[in-house]
Amino acid sequence: LSMKILVTGGAGYIGSHLVDRLLERGDEVYAIDNLSTGKISNIQHHLGADRFHFLNDTILNEALLDRLASDVDLVYHLAALVGVKYVVADPLAAIKTNVTGTEAVLGAAFKYWKKVVLASSSEIYGKSAKIPFHEEDDRVLGPTSVGRWSYSTSKAIDEHFAFAYAAKGLPVATVRFFNSYGPRLDEKGYGSVVANLVRQALKGEPLTVHGDGRQTRCFTYIDDTVEGTLLAGEVKAGEGLVFNIGAEAETTILELATTIKRLTGSRSEIVFVPYRDYYGEGFEDTRRRVPSIDRAKTVLGFVPKVKLEEGLMRTIAWCREHYTR
């Protein structure tokens with residue numbers, strides 16, 4: 001049964017892959033994106049298709065949201081200002097887009113009683129050292145004077161909005177993404193360490209690893225990220241809940257750099273860079289970021305399938321073709 005679906009941030013890295021999957025299965029898709037970090041090239045291949053409608057506009061345009069929400073069956077809300085470096089550079093824009101934008105999307109969905117899947121982030125957990133992260137765990141954050149924590153806080157307010165609407169009966173499910181990577185990663189990085197390292201390796205530049213390189217992440221291939229997001233939209237039992245969507249394999253950033261160097265055949269050296277050189281003074285990073293995906297497995301039937309090396313090979317192949325030399 002085909003549906004009409006709104007994807008906010010539909011020209012973005014994750015949003016465009018979600019659009020691909022929805023169109024593939026026969027849905028009619030409305031994608032809204034102001035192209036601040038999204039790219040028209042991500043959805044170029046769908047422009048002109050009769051089941052795809054692209055709106056180059058912002059989610060802060062409430063009249064447009066109202067019109068779209070009245071007409072669709074389901075909303076995937078992925079539009080956000082992302083990337084820690086961007087948030088540190090312009091905390092005001094991040095807070096406005098992430099909080100006011102989500103408020104507008106949920107408000108429109110509530111008016112017409114449409115289900116929403118809200119995209120959130122592993123940043124929610126802040127610098128918690130309790131591993132793995134469970135959805136109900138405490139959040140541990142730094143002081144409000146440090147801009148880095150405003151992203152985590154803005155996404156948390158988004159989630160509070162979602163829970164508040166869910167308490168009023170609106171069908172809402174939230175997904176927390178863990179370090180997604182894959183084709184269409186922006187070569188500027190937007191906080192993606194995979195994009196930065198692959199770009200450096202392909203250009204023969206030094207591979208920069210922040211700090212001592214022993215901090216770990218769980219890298220999730222885009223197909224798995226999208227699968228978890230789709231399931232949150234489809235599975236009724238997921239309504240009112242939040243889910244970690246990630247892979248369970250923990251990788252240090254140094255291991256990641258070494259693997260990318262090997263897979264690209266790059267002669268670049270790996271260099272260690274202090275955080276302050278990139279982010280400025282007072283920047284704190286989380287040492288380990290590991291999701292528990294028990295809830296997503298049990299409730300949604302989510303199982304990540306793509307191993308890191310396989311995903312990196314696919315990503316590198318795409319980057320060779322699309323990154324400027």
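The side chain of Arg 199 reaches the backbone oxygen of Glu 187 at 2.5 Å. This is a predicted model.

**Arg 199**
- Arg 199 is found in helix H6, which spans residues 193-203.
- Although buried, Arg 199 has no salt bridge. The nearest side chain of opposite charge belongs to Glu 205, 4.6 Å away.
- Leaving aside residues up to four places away in sequence, Arg 199 touches Glu 187, Lys 188 and Tyr 323.

**Strand S1 and its partners**
- Strand S1 covers residues 4-8 and is mostly covered, with four of its five residues buried.
- With strand S2 (residues 28-32), S1 pairs in the parallel sense over five bridges. Within this pairing, Val 7 has Ala 31 in S2 as its bridge partner.
- Between S1 and S2 the chain passes through helix H1 (residues 13-24), and this β-α-β crossover is right-handed.
- S1 also pairs with strand S4 (residues 74-77), in the parallel sense over four bridges. Here Ile 5 stands opposite Leu 74 of S4.

- Side chains of opposite charge can pair when their charged atoms come close. In this model the count comes to 21 salt bridges.
- One of them joins Arg 21 and Glu 227, whose closest N and O atoms are 2.7 Å apart. Arg 21 belongs to helix H1 and Glu 227 to helix H7 (residues 222-234), so the pair links distant parts of the chain, 206 residues apart.
- Arg 295 and Glu 136 meet in another salt bridge, at 2.8 Å from N to O. Because Arg 295 lies in helix H10 (residues 294-300) and Glu 136 in the loop between strand S5 (115-121) and helix H5 (148-167), the pair ties together parts that are 159 residues apart in sequence.
- Glu 136 is exposed, with a relative accessible area of 59%.

**Other salt bridges**
- Within helix H11 (residues 308-322), Glu 310 and Arg 314 lie four residues apart, about one turn of the helix. They form a salt bridge with closest N and O atoms 2.7 Å apart.
- Glu 310 is partly exposed at 33% relative accessibility, and Arg 314 is partly exposed with a relative accessible area of 33%.
- A network of salt bridges links Arg 25, Asp 27 and Glu 234.

How values were computed: Residues are numbered from 1 along each chain as its sequence is written. This is a predicted model: local features need pLDDT of at least 70, side-chain atom pairs count only at pLDDT 80 or more; totals for chains, interfaces and linings use all residues. Side-chain values use heavy atoms; hydrogens and water are left out. Helices (H or I, at least four residues) and strands (E, at least two) are DSSP runs, numbered from the N terminus. Buried means under 20% relative accessible area, exposed over 50%, partly exposed in between (1.4 Å probe, protein chains only). Lys and Arg count as positive and Asp and Glu as negative; His and the chain ends are not counted. A salt bridge is a side-chain nitrogen of Lys or Arg within 4 Å of a carboxyl oxygen of Asp or Glu. A polar contact is a pair of N or O atoms within 3.5 Å; within protein, one must be able to donate a hydrogen and the other to accept it, and residues adjacent in sequence count only if both atoms are side-chain atoms. Contact means heavy atoms within 4.5 Å. Two strands pair if DSSP finds at least two bridges between them. A crossover is right-handed if, with the strands pointing away from the viewer, the path from the first strand over the helix to the second runs clockwise.
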